[in-house]
There are 4 protein chains.
Amino acid sequence: MGQVDLNADLGESFGVYRLGNDPEMLRIVTTANVACGFHAGDPLVMFRTMEMARENGVAVGAHPSLMDLWGFGRRMIVGEDPADIEKLLIYQIGAAQAVAAAAGHRITHVKTHGVLGTMANEDAELATAIARAIRTVDRDLFYTVMPLTQSEAAAERLGLRLVREVYADRTYQENGNLTPRKIPGAVIHDPAQAAERAVRMVLEGAIFTTEGTRLPVPVDTICVHGDTPGAVEAATIIRDRLTENGIRLRPFAAAD
Amino acid sequence: MGQVDLNADLGESFGVYRLGNDPEMLRIVTTANVACGFHAGDPLVMFRTMEMARENGVAVGAHPSLMDLWGFGRRMIVGEDPADIEKLLIYQIGAAQAVAAAAGHRITHVKTHGVLGTMANEDAELATAIARAIRTVDRDLFYTVMPLTQSEAAAERLGLRLVREVYADRTYQENGNLTPRKIPGAVIHDPAQAAERAVRMVLEGAIFTTEGTRLPVPVDTICVHGDTPGAVEAATIIRDRLTENGIRLRPFAAAD
Amino acid sequence: MGQVDLNADLGESFGVYRLGNDPEMLRIVTTANVACGFHAGDPLVMFRTMEMARENGVAVGAHPSLMDLWGFGRRMIVGEDPADIEKLLIYQIGAAQAVAAAAGHRITHVKTHGVLGTMANEDAELATAIARAIRTVDRDLFYTVMPLTQSEAAAERLGLRLVREVYADRTYQENGNLTPRKIPGAVIHDPAQAAERAVRMVLEGAIFTTEGTRLPVPVDTICVHGDTPGAVEAATIIRDRLTENGIRLRPFAAAD
Amino acid sequence: MGQVDLNADLGESFGVYRLGNDPEMLRIVTTANVACGFHAGDPLVMFRTMEMARENGVAVGAHPSLMDLWGFGRRMIVGEDPADIEKLLIYQIGAAQAVAAAAGHRITHVKTHGVLGTMANEDAELATAIARAIRTVDRDLFYTVMPLTQSEAAAERLGLRLVREVYADRTYQENGNLTPRKIPGAVIHDPAQAAERAVRMVLEGAIFTTEGTRLPVPVDTICVHGDTPGAVEAATIIRDRLTENGIRLRPFAAAD
């Protein structure tokens, strides 16, 4: 049948602090987005994560962020010059490339972290700055985006290779945006239900809004969470349900 | 006659903080070692410094450090695993490569900052870890070292391209080490005198100890300070005295 | 005639980085707002600044901020829980109290830094959290506020001792807010003109809007900048003009 | 029979990162040493930890450190001026006092963290700086020290109130120092055995070296670990064994 990539944000430990269960998650996912030290991660964590990913046949990408360790890249920092943010990303992507090479691996893509991605989805100028950062470092890198957003539009405008990502455990609004977490029903807490949704999105090549609208989009990768309680179990269920439905799991960049 | 490179540690500002007079220094030196965000510098400062360096025809290199912003990489942090420090450097060098490319430039070399270099000069294992980090990221990068140290030995052992550096304003002990700053006479405060010493070292291809011993070493580059009061004036005097003596100033990697 | 306090934000150095000319400014102002390590400052800088302040007969206060060293507390970080920000302030004020005591001094007040103050001026909940933090640590501390703002209202509601502050070099809008910096005429660049405005505000007990409206407010203290080029000269001019007009300069808490 | 205090280092989370099981540990120990933001902890974590401690009738103290978040205060940073470290501690203790007050609690003592304590145990000047910091902030605060060290000597010299601490799960050398972790037998991994040792030390008022020597020392508090796997179980066993032997557990400052 079809095929899809399964990705998670990993390498988010820092110093003595451990976040998520990377060794387990790396046996489940096909792609890992690795934190680059600005919201989480440090060079040792990055190396360890990328080395483990290589050993597990998992593709890796840079998962850069605004500069905000204490806030984990989730604090809404507004008004920064997109041209400045562009440099933050160039730095992080370059660092990730070098660490990946040292770990005998290579990064295939970039996925922005936290509030940076959320803001870019609605801000064409910021999205363009992100796309430009990727292109500047290596125009062969994929850019992982939410479909139907300014991020996707910017990537297309700049001719970047694109990976469209959907969330198994989040619901969608009519415009294709995620339902904000504050709204009831935004998050699917039952892994079995999330898995069903993932299967359906892949098989139909579409996301489905809370009002039932079908929005056709390429579904290149499914995001699962790596740092919540029950993350390993939930990811396992999603993975199993996908393969049971004849969907092959492989890194989106596998044929690259 | 001969030729030599003139280098300074630049790009050591951070956020709103300004350190040194980079625009002026970049009109004087031929090579800049650019801080990489661990003891100083941030992606915006790195970009700005590297862009200015390119505009001035100044070569740039990575100037990585231990992780110590508050201590400016000068706090003596002992006992860290050299294999860990290796990853810190790989990260920083990779980041510097990417930012340099974004600024239309490229890094030619790596020079360690502060206490990291000092410790490596006497610690073969640490020096080897540094050399390995450079080789891992790009084996064509030069490694700037003090001659007659473990840093130089490690670079030779690993087959790295070498740049031997001398200090115009520091005196040398019998073993080729710098006289520790605590000892009177360690630092030459008169720029004219420092300039004379620089000229002599280049013309004779040797350093001269406080006891008068001549230690023949290749003199590839002369380090001048960029962040002290009077730095611009002192560097100008050294530069002028070198050229007056028929010594051509050019980046060590110019013929590369 | 009248009297007024002259304040500046000082102690904003960090590690090796120097910002502003604290020794000079401390000979001019009567009150210093000392950074507390979150946007600038560190314990050594705080101690040095407070000790110098004491030697110059200058009153000191805590100048706390959001947690944002790289952005110097100027990045607009929105959406943080006011109850969380309250704890950040309690921590910083407590630290400032202890360092002041160690320096043989004591803090008389709290003035929030950067974007935190700006946001609180229009956000009653945030302003209340700030006022509560001050009251929790020491209900005898003054709270330095801009008149006609939510900050002032919160301080009054909680029964805090209040210091109303005006800016010599900024113009005011009809509602008493500062003209945003983006608007032409927001900043008075001529120190002589700024000094005239300061004198008039003190003598008339009012601020004057760009449209000429007179808004009567208590003028307890005038803020001058400590970290811009020409800061010392501008502050000197303002100070001299005030005293020439018979206005006595003394810490607002002098009679305390 | 006798009585003793049981303490653990808690509040070592940071931002999104969780370390240790504070809610469980606070049901077991009688005193908590709370990280102050320099090696771990942040104002929110401090507040939460101190509030929980109050609710559980657990005494709290400041647990200050060198400035080293990434290294968790364990990196051996040598050569810093003790007079500078003194200011770092004053800042942290003051912050802890204020946060404790906000949480309806108060700090009873100071215990240094990680490498700072280890270094002070053998460095009279550093130990004196620490003791001076405590005395400067509040001379009624206790200073938790290892007996037979420079830390203890400094506290006595400055007339500080003293708490002597022993480790249930560490062995002692002839001079009263802990056996370094690198040496086999340094750590007692069996909680039952650690508990027996704790009981014996309390009942006999002495520590026992690996060679069998009995070193009489006041045993005011026993340190148990809060952040290792099995920490809760181990602490529970130690607590139970102490009470089974008729030893009353209460904060050392309870009678204060």
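Reply: Gladly, and one definition comes before the rest: copies are superposed by least squares on the C-alpha atoms of residues with pLDDT of at least 70 in both. Please keep in mind throughout that this is a predicted model.

Me: Which rotation superposes chain A on chain B?
Reply: The superposition of chain A on chain B leaves an RMSD of 0.0 Å, and the shift along the axis is 0.0 Å. In chain A, the C-alpha nearest that axis belongs to Ala95(A), at 2.1 Å. The same surface serves both copies, since 100% of the contact residues of chain A recur in chain B. The rotation itself is 180°.

Me: How much area do chain A and chain B bury between them?
Reply: The contact draws 20 residues from chain A and 20 residues from chain B. On the side of chain A, Pro43(A), Lys87(A) and Tyr91(A) lose the most area to chain B, together 37% of what that side buries. Carbon and sulfur atoms carry 85% of the buried area, whose total for the two chains is about 1700 Å².

Me: Which helix supplies the largest share of the side of chain A that touches chain B?
Reply: By count, the rule finds 2 residue pairs in polar contact across the interface of chain A and chain B. Three helices of chain A, namely α2 (43-55), α3 (82-102) and α5 (124-137), each supply at least two residues of the side that touches chain B. The largest share of that side, 10 residues, comes from α3(A).

Me: How many salt bridges are counted between chain A and chain B?
Reply: The count rests on a cut-off, namely a side-chain nitrogen of Lys or Arg within 4 Å of a carboxyl oxygen of Asp or Glu. By class, the side of chain A that touches chain B has 15 nonpolar, 3 polar and 2 charged residues. Between chain A and chain B, the number of salt bridges is 0.

Me: What kind of axis relates chain A and chain C?
Reply: Chain A is superposed on chain C by a rotation of 180° with 0.1 Å of shift along its axis, at an RMSD of 0.0 Å. The two copies are therefore related as by a two-fold rotation axis. In chain A, the C-alpha nearest this axis is that of Ile77(A), 2.2 Å from it. Because 100% of the interface residues of chain A are also interface residues in chain C, the copies meet through the same surface. The answer is thus a two-fold rotation axis.

Me: Which three residues supply 54% of the area that chain A buries against chain C?
Reply: This contact takes 8 residues from chain A and 8 residues from chain C. The two chains bury about 930 Å² between them, 65% of it on carbon and sulfur atoms. More than any other three residues, the ones that supply this 54% on the side of chain A are Met67(A), Trp70(A) and Arg75(A).

Me: Which residue of chain A forms a salt bridge with Arg75(C)?
Reply: Across the interface of chain A and chain C the rule finds 2 salt bridges. In the pair that involves Arg75(C), the closest N and O atoms are 3.9 Å apart, and the partner is Glu80(A).

Me: Which residue stands opposite Val78(A)?
Reply: Strand β4 (residues 76-78) of chain A gives 3 residues, the most of any element, to the side of chain A that touches chain C. β4(A) and strand β4 (residues 76-78) of chain C run antiparallel and are joined by 3 bridges. Within β4(C), the residue opposite Val78(A) is Met76(C).

Me: How far apart in sequence are the parts that Arg132(B) and Glu86(B) tie together?
Reply: Over all chains, the count comes to 52 salt bridges. One of these joins the side chains of Arg132(B) and Glu86(B) at 3.2 Å, N to O. Arg132(B) lies in helix α5 (residues 124-137) of chain B and Glu86(B) in helix α3 (residues 82-102) of chain B, so the separation of the parts tied together is 46 residues.

Technical notes: Residues are numbered from 1 along each chain as its sequence is written. Chains are lettered from A and ligands numbered from 1 in the order in which they are written. This is a predicted model: local features need pLDDT of at least 70, side-chain atom pairs count only at pLDDT 80 or more; totals for chains, interfaces and linings use all residues. Side-chain values use heavy atoms; hydrogens and water are left out. Contact means heavy atoms within 4.5 Å. Buried area is the accessible area (1.4 Å probe) that two parts lose on being put together, summed over both. A polar contact is a pair of N or O atoms within 3.5 Å; within protein, one must be able to donate a hydrogen and the other to accept it, and residues adjacent in sequence count only if both atoms are side-chain atoms. Helices (H or I, at least four residues) and strands (E, at least two) are DSSP runs, numbered from the N terminus. Ala, Val, Leu, Ile, Met, Phe, Trp, Tyr, Cys and Pro count as nonpolar, Asp, Glu, Lys and Arg as charged, and the others, Gly among them, as polar. Two strands pair if DSSP finds at least two bridges between them.
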